[in-house]
Amino acid sequence: MSLYAMQKFLFALNREQETQRRYAEGGAARTALLGAYDFTDEEREAIDSGDIGKLYVLGCNGQLLMHFAPLLGIPWADYLEAMREGVRKYGPVRAGIYAMTTGTDEKVAGV
């Protein structure tokens, strides 16, 4: 349920101006906004800090993250690198459609 909550939040953040305003405001507004979702502490911290790499490793869909990145002021090339850095720093993608079934040093599907 938690991955669903993260992706549901990112979907709302990408589409709803009020959600964007509350996130950008920070402080109590952001805390209340994030409190409305069923996140683990790790997920809440990654969203609160805008850690694209950690969110990717936690399983968030890249289509959602690619819209979150500009909201954070992250250019496209830096967004792509943030995902790579997330894998280097936090390990393989743990869940979702990008879950890594091989080690980070192995080629996927033996290709």
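Helix α6 is followed by Gly-73, whose phi is positive, near 85°; helices here are DSSP runs (H or I, at least four residues), numbered from the N terminus. The structure is a predicted model, in which local features need pLDDT of at least 70 and side-chain atom pairs count only at pLDDT 80 or more, while totals for chains, interfaces and linings use all residues. Residues are numbered from 1 along each chain as its sequence is written, and side-chain values use heavy atoms, with hydrogens and water left out. The pLDDT, which is the predictor's confidence in each residue on a scale from 0 to 100, has a mean of 90 over the protein chain, and 89% of the residues reach 70 or more.

When neighbours within four places in sequence are left aside, Phe-68 is in contact (heavy atoms within 4.5 Å) with residues including Leu-10, Tyr-23, Ile-47 and Leu-55.

Phe-68 is also among the residues with the most contacts inside the largest nonpolar core, which has 27 residues; such a core is a set of buried Ala, Val, Leu, Ile, Met, Phe, Trp, Tyr and Cys residues joined through side-chain atoms within 4.5 Å. Helices α1, α3, α4, α5, α6 and α7 each supply at least two residues of this core, and α1 gives the most, with six.

Aromatic pairs require ring centres within 6.5 Å for Phe, Tyr and Trp (its six-membered ring), with planes under 30 degrees apart counted as stacked, over 60 as edge-to-face and the rest as tilted; by this rule the count comes to six. The rings of Phe-9 and Tyr-23 have centres 6.3 Å apart and planes at 50°, so this pair is tilted, and it links Phe-9 in helix α1 to Tyr-23 in helix α2, 14 residues apart. Phe-9 is buried, with a relative accessible area of 0%, and Tyr-23 is buried at 4%. Ring pairs join Phe-9, Tyr-23, Tyr-37, Phe-39 and Phe-68 into a cluster.

How values were computed:
Buried means under 20% relative accessible area, exposed over 50%, partly exposed in between (1.4 Å probe, protein chains only).
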